[in-house]
Each structure stands twice: as structure tokens, then as C-alpha cells.
Amino acid sequence: MQDLTYQVIFYLFATIIVVSGVFVVFSKNIIYSAFSLLFTLFGVAAMYVFLNADFIAVTQVVVYVGGILVLLLFGVMLTNKITQEKLRTDVLNFVPGLVVMLSILAAILYAFLYRAKWVETTPRTGSVVELIGYETMSNYVLPFEIVSILLLVALMGAAYIARPDRTKITEMIRRLEN
């Protein structure tokens, strides 16, 4: 009975993820797409809870739902021109997209069915957060530092791209002085 309940809840969240993901892709209104993304991200967080990855589930909710999605919604709502514009592309890449999707699906199924070595382990006891912190600061400290430098470089690049054009500013100052 308990397995049936878990299966029903799993398929319920899987359905929510797929349906809201399809709505994100095919909705013509960007606000509706953003709110559909909210359901997708919550569904993914629920899947993490099913996998006993509570730290990743909380991180998913805090970072993606609480941070990035809210920032995206505020950005869209504060820029009036984006909500009034119809965002459509003239290029329809259905066939190449379908080929890429089927190729990736075949690779995943091949790896899942023939290459994966499934091992049953005993469930861990104790805090996952402590284990993640220990592994991050001991065995994975170099990748952690490389990622932090990469994020710093990306932040500096974004600030460089977003800065105003200096030639226009000096030209405006000259006009005001004259």
C-alpha cells in the first residue's frame, strides 16, 4: 500500500513537471511561461525530496524559485515593452529539434538500460548538509574553487557588458558644457 502511494505521488509530480514544462515552452505570454516555470521548479524540488536529497530540494526552492524566478518576474514586469511585444521567431526548427531530442533520448535510454550499474545501498543516516560540506572542503575543493573563479569572471564580464558607453557620456558632457 505504501509503495502504491509513493508511486501515485511520484507520477502526480512527474505529470506536473511535464505539463508545466510544456506550457513554459509553448505559451505565447511570457508571464504565463514564468509562472509555469514556478510549478516546474517546485515539481523538481519535490522529486529531490523523493530521492532523499533534502538539501538539494531546499536549495532548489531557495535559489531557483526564490531568487532567479522572482528576479525574472520582476524583470519582465518592470519592462513594459517586453510584455507588450509578441516574442515570436520566424525560424521553426521542429525537425532538427526532434532529431536532437530523439538522439539524446536514445543515448539516455542506452546508458540507463545497458551501461548503468545499479547498486542498492543502505540509506544514510545523519545530516546530508554535513556530508556535503565535508566533501566540498576536502575532496572537491579544487573544482569548488574553479567554479567560484568562473562565476567571478562571468560576473565581471556581465558588469563590463552592462556598463554605459563612455564615448556617449563624454559627448553629452561636452554638449552640456557648450
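User: Let's start with Ser 33. Is Ser 33 buried or exposed?

Analyst: Ser 33 is buried, because its relative accessible area is 11% and anything under 20% counts as buried. Bear in mind that this is a predicted model.

User: Which helix is Ser 33 in, and what is Ser 33 in contact with?

Analyst: Ser 33 lies in helix H2. Setting aside neighbours within four places in sequence, Ser 33 is in contact with Phe 23, Val 24 and Ser 27.

User: And Thr 40, buried or exposed?

Analyst: Thr 40 is found in helix H2, and its relative accessibility of 13% means it counts as buried. Leaving out residues up to four places away in sequence, Thr 40 touches Ile 17, Ser 20, Gly 21 and Val 24.

User: What about Leu 38, what does that one touch?

Analyst: Leu 38 lies in H2. Not counting residues up to four places away in sequence, Leu 38 touches Val 65 and Leu 69.

User: How far is Leu 38 from Gly 21?

Analyst: From C-alpha to C-alpha, Leu 38 and Gly 21 are 9.6 Å apart in space, and they sit 17 residues apart in sequence.

User: OK, next topic. How do H2 and H3 sit relative to each other?

Analyst: H2 covers residues 30–50 and H3 covers residues 54–78. Their axes come within 8 Å and cross at roughly 175 degrees. That angle is over 145 degrees, so H2 and H3 are roughly antiparallel to each other.

User: Which residues meet there?

Analyst: On the H2 side they include Ile 30, Phe 35, Leu 38, Leu 41 and Tyr 48. On the H3 side, among them are Asp 54, Gln 60, Val 65, Leu 69 and Met 77.

User: How many of the contact residues are nonpolar, polar or charged?

Analyst: The contact of H2 with H3 has 22 nonpolar residues, 1 polar and 1 charged.

User: How far does H3 reach from end to end?

Analyst: H3 has 25 residues and reaches 34 Å from its first C-alpha to its last, which is close to the 36 Å expected at 1.5 Å a residue.

User: Where is the kink in H3?

Analyst: The kink in H3 is centred on Leu 69 and is about 25 degrees. Leu 69 is also one of the residues touched by Leu 38.

User: Which residues in H3 are buried?

Analyst: Ala 57, Gln 60, Val 65, Leu 69, Leu 73 and Val 76 are buried in H3.

User: What's in the loop between H2 and H3?

Analyst: Asn 52 is found in that loop. Asn 52 is exposed, with a relative accessible area of 62%. It has a positive phi of about 60 degrees although it is not a glycine.

User: Let's hop to H5. Where does Leu 102 come in?

Analyst: Leu 102 is found in helix H5, which is residues 94–115. With a relative accessible area of 45%, Leu 102 is partly exposed.

User: How far apart are Leu 102 and Pro 143?

Analyst: They are 41 residues apart in sequence and 32 Å apart in space, C-alpha to C-alpha.

Definitions and conventions. Residues are numbered from 1 along each chain as its sequence is written. This is a predicted model: local features need pLDDT of at least 70, side-chain atom pairs count only at pLDDT 80 or more; totals for chains, interfaces and linings use all residues. Side-chain values use heavy atoms; hydrogens and water are left out. Axes are lines fitted to C-alpha atoms, for helices over the stretch in contact, and angles run from 0 to 180 degrees between N-to-C directions. Helices (H or I, at least four residues) and strands (E, at least two) are DSSP runs, numbered from the N terminus. Angles under 35 degrees count as roughly parallel, over 145 as roughly antiparallel, 65 to 115 as roughly perpendicular and the rest as oblique. Contact means heavy atoms within 4.5 Å. Ala, Val, Leu, Ile, Met, Phe, Trp, Tyr, Cys and Pro count as nonpolar, Asp, Glu, Lys and Arg as charged, and the others, Gly among them, as polar. Buried means under 20% relative accessible area, exposed over 50%, partly exposed in between (1.4 Å probe, protein chains only). The expected span of a helix is 1.5 Å times one less than its number of residues. The bend at a residue is the angle between axes fitted to the seven residues ending there and the seven starting there.
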